[in-house]
Amino acid sequence: MVSVLTPSSSSVCLLYRSPPRYGDVRCSSSVQEIQKPPGEGLSSDLRASEPLPPLKVAKRVVLVRHGQSTWNAEGRIQGSSNFSVLTKKGESQAETSRQMLIDDNFDACFASPLERSKRTAEIIWGGRKEPIIPEYELREIDLYSFQGLLKNEGKERYGSAYRQWQLDAANFIIDGHYPVRELWERARNCWTKILAHDSRSVLVVAHNAVNQALVATAIGLGVEYFRCLLQSNCGVSVLDFIPRPEGGSPDICLDRLNQTPGSPVAGGKSGGRDTNKRIILVCNGSTQGNTENDFPFAGDHPMNMLGVIQSQKSAELLLDLKVSSIISSPNKACFETAMTISKVQEAADCLGADCVPRYVELKQIGSLDVETIFQQSKMDLSNFPPIQPGWLNRIDDGLRTTLWDQSEKAWQSLLDEISDESSEGVLVAVAHPAIHIALMGHCLNLTKEWLGSFHLDEGSVSVLDFPDGPKGRGVIRCINYTAHLGRWSIPITRSTEDGEEF
C-alpha cells in the first residue's frame, strides 16, 4: 500500500550574516571562541575566513585515511604518536583502496610521516615513479597526555576532561592546549601547501581527525563540526577545487565522503557512539529523459535500463538492513527505485523454508519532488550545462530559495518518521540528487549558500546517522557512495589528462 502525505510546514531558525560570494571560503565558527546556543551543537552562522590561494586550473584532491592500526584494534588513543603500525586487516584495506584508485592519474601524493599513514600511502601509491611527499602538518591531532591511553583509562584518569573530549571537543582543553582548534588551523595551512603544488590531481593520505578538518576547512565548516563527517579506515573522500573566472579563492565541492572498502550501511559506531536511528538517501537511477549532455529535469520519465540496474544494485546494498519504511518522491523514476528496494526488503526474510515475508511501509511525499520546482521556474534551463560538481551554484537565487524551503518541509517529515518509537530506526528516502543535497544541508544545520558545496550522482547512496536521536545532531557516515554500482558507477576520480575538465 502506498500513502501520499502532504507534510505540514515547519520552521528552522537559520542565522547568518551577509552571504559569501560563491567560492569564498566560508566558516561557521571562529576558532578563538565557540559559543553554542542552548540545546544546539551546530551553527550555520557565516564568517569570512582566510581565502584559499587562487587556481589557474581545476584540481581534484583525494583524501584517504590510513588502514586499521594496532592501536585502533586495541582501542588506544593514538593522537600524533607514532607507536602503532598497520594490522594485517589494515594492509588489506589499503590494498582495496589501491584497487579503487588504480586507474587514476595522480600527479602527486602527500602523506603524513607517521608510520601507519606512510605505509598506507606506499601501498596505494604502488609503482608510481613520483616520490611521496611527507608533510608533518598532516599528522593526526595532537592529544598530549591522552596519547597512548586505552579509552577506559582516559575516562578514569581525566574524568571531566575526557567527557568534554567526547561531548564538546571544540572546547576540549588538555595540558593548556585546545587540540581541535589547533587542528583546524593546521588543516588550513595544509591546504595552502597542497593547492600551491603544480599538479591537477593530488592524493593525500593521512588520519581520521585531520582528514575531517581538511574536508571541513575546505568547504568552510568550523570546529563544532568535528565528528560530523565520518572518516573510516581507508575511507576515500574527494574534493574539487574549481577556478573562478574573476580570480580569487576557488569554488570548492565535496564530490564524495568516506567511500569505504566495506559497506557503508554495515554496523559500526558513528562519531564514536552507537546509533539506532538512520536515514539513507538513495538517488533515483538514470531515466529515459537523460542523455550525457542534457540537463536532467526534462520531465517525469521512468528509468532506462541503466537506471533499473542502478536501483537493483542499491536494493542489494541495503539487504543486510531491516528498513522500517521507505519515503519516495512521486516522480516516476524515484518511485520505481523505491518499489525495487521495497520488494527486495520484503523478500529478504523469506529466503528460508519457514520464513514469512516482511511488510515494508512505502510512502510518497510531494516535498521530495524537485523536478516540478525546476519545470515551473522562470530560469532558462535550455542551455544549462551538464551536471558537474557545484552545479547548484549556477541556478538563480529564487530557484535556490524555493528548493531550500521545500527541502526543509521534507527534512521535517523524515525526522518525524524516525522519531516514531515503534519504528526500527532505518528510513530510506528516494529522490533526485538536488533534493538530497539540500537534505544533507539541513542535517548539518547549514543554509542555502552551501548547496553548491556537495555533489551526488544518480544511483548513489548517502548515510546519515543520529547517535543522539532525531533531535540531536546528525553525523554524515558517507556521501555519494557508488561502489555498489560496480561497472555502472562513476569512478571515484576522473581522468585529469590535459584539457579535460572534471
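Q: How many salt bridges does the count come to in this model?
A: The structure is a predicted model, in which side-chain atom pairs count only at pLDDT 80 or more. A salt bridge here requires a side-chain nitrogen of Lys or Arg within 4 Å of a carboxyl oxygen of Asp or Glu. By this rule, the number of salt bridges comes to 22.

Q: Are Asp255 and Arg60 buried or exposed?
A: A residue is counted as buried when its relative accessible area is under 20%. For Asp255 the relative accessible area is 0%, and for Arg60 the value is also 0%. Because both values fall under the cut-off, Asp255 and Arg60 are buried.

Q: Which residue forms a salt bridge with Arg256, and where does that residue lie?
A: In this salt bridge the closest N and O atoms are 3.6 Å apart. Arg256 is placed in strand β9, and its partner is placed in the loop between α12 (433-443) and β14 (461-465), so the pair ties together parts that are 201 residues apart in sequence.

Q: Which residues are linked in a network of salt bridges?
A: Two of the salt bridges described above, Asp255 with Arg60 and Asp457 with Arg256, involve residues that belong to this network. Asp240 is also one of its members. The network as a whole consists of Arg60, Asp240, Asp255, Arg256 and Asp457.

Q: What is the orientation of helix α2 to helix α3?
A: The axes of α2 (residues 88-100) and α3 (residues 115-125) come within 8 Å and cross at roughly 40°. That angle makes the orientation of α2 to α3 oblique.

Q: How many charged residues does the contact of α2 with α3 contain?
A: The crossing of these two helices is right-handed. The contact is made by Glu91, Ala94, Glu95, Ser97 and Arg98 on the α2 side and by Arg119, Thr120, Ile123 and Ile124 on the α3 side. These residues divide into three nonpolar and two polar, and the number of charged residues is four.

Q: At what angle do α4 and helix α5 pack, and what is their orientation?
A: The axes of α4 and α5 (residues 160-167) are 6 Å apart, and the packing angle is about 125°. Lys151, Gly154, Lys155 and Tyr158 in α4 meet Ser160, Ala161 and Tyr162 in α5, a contact that divides into three nonpolar, two polar and two charged residues. With the angle of about 125°, the orientation of α4 to α5 is oblique.

Q: Where does Asn258, which has a positive phi, lie?
A: Asn258 has a positive phi of about 60° although it is not a glycine. At 1% relative accessibility, Asn258 counts as buried. Its place is in strand β9.

Q: What is the relative accessibility of Asp175?
A: Asp175 is not a glycine, yet it has a positive phi of about 50°. Asp175 lies in the loop between α5 and α6. It counts as partly exposed, because its relative accessibility is 43%.

How values were computed:
Residues are numbered from 1 along each chain as its sequence is written. This is a predicted model: local features need pLDDT of at least 70, side-chain atom pairs count only at pLDDT 80 or more; totals for chains, interfaces and linings use all residues. Side-chain values use heavy atoms; hydrogens and water are left out. Axes are lines fitted to C-alpha atoms, for helices over the stretch in contact, and angles run from 0 to 180 degrees between N-to-C directions. Helices (H or I, at least four residues) and strands (E, at least two) are DSSP runs, numbered from the N terminus. Angles under 35 degrees count as roughly parallel, over 145 as roughly antiparallel, 65 to 115 as roughly perpendicular and the rest as oblique. A crossing is left-handed if the near helix is turned anticlockwise from the far one by less than a right angle, and right-handed if clockwise. Contact means heavy atoms within 4.5 Å. Ala, Val, Leu, Ile, Met, Phe, Trp, Tyr, Cys and Pro count as nonpolar, Asp, Glu, Lys and Arg as charged, and the others, Gly among them, as polar. Buried means under 20% relative accessible area, exposed over 50%, partly exposed in between (1.4 Å probe, protein chains only).
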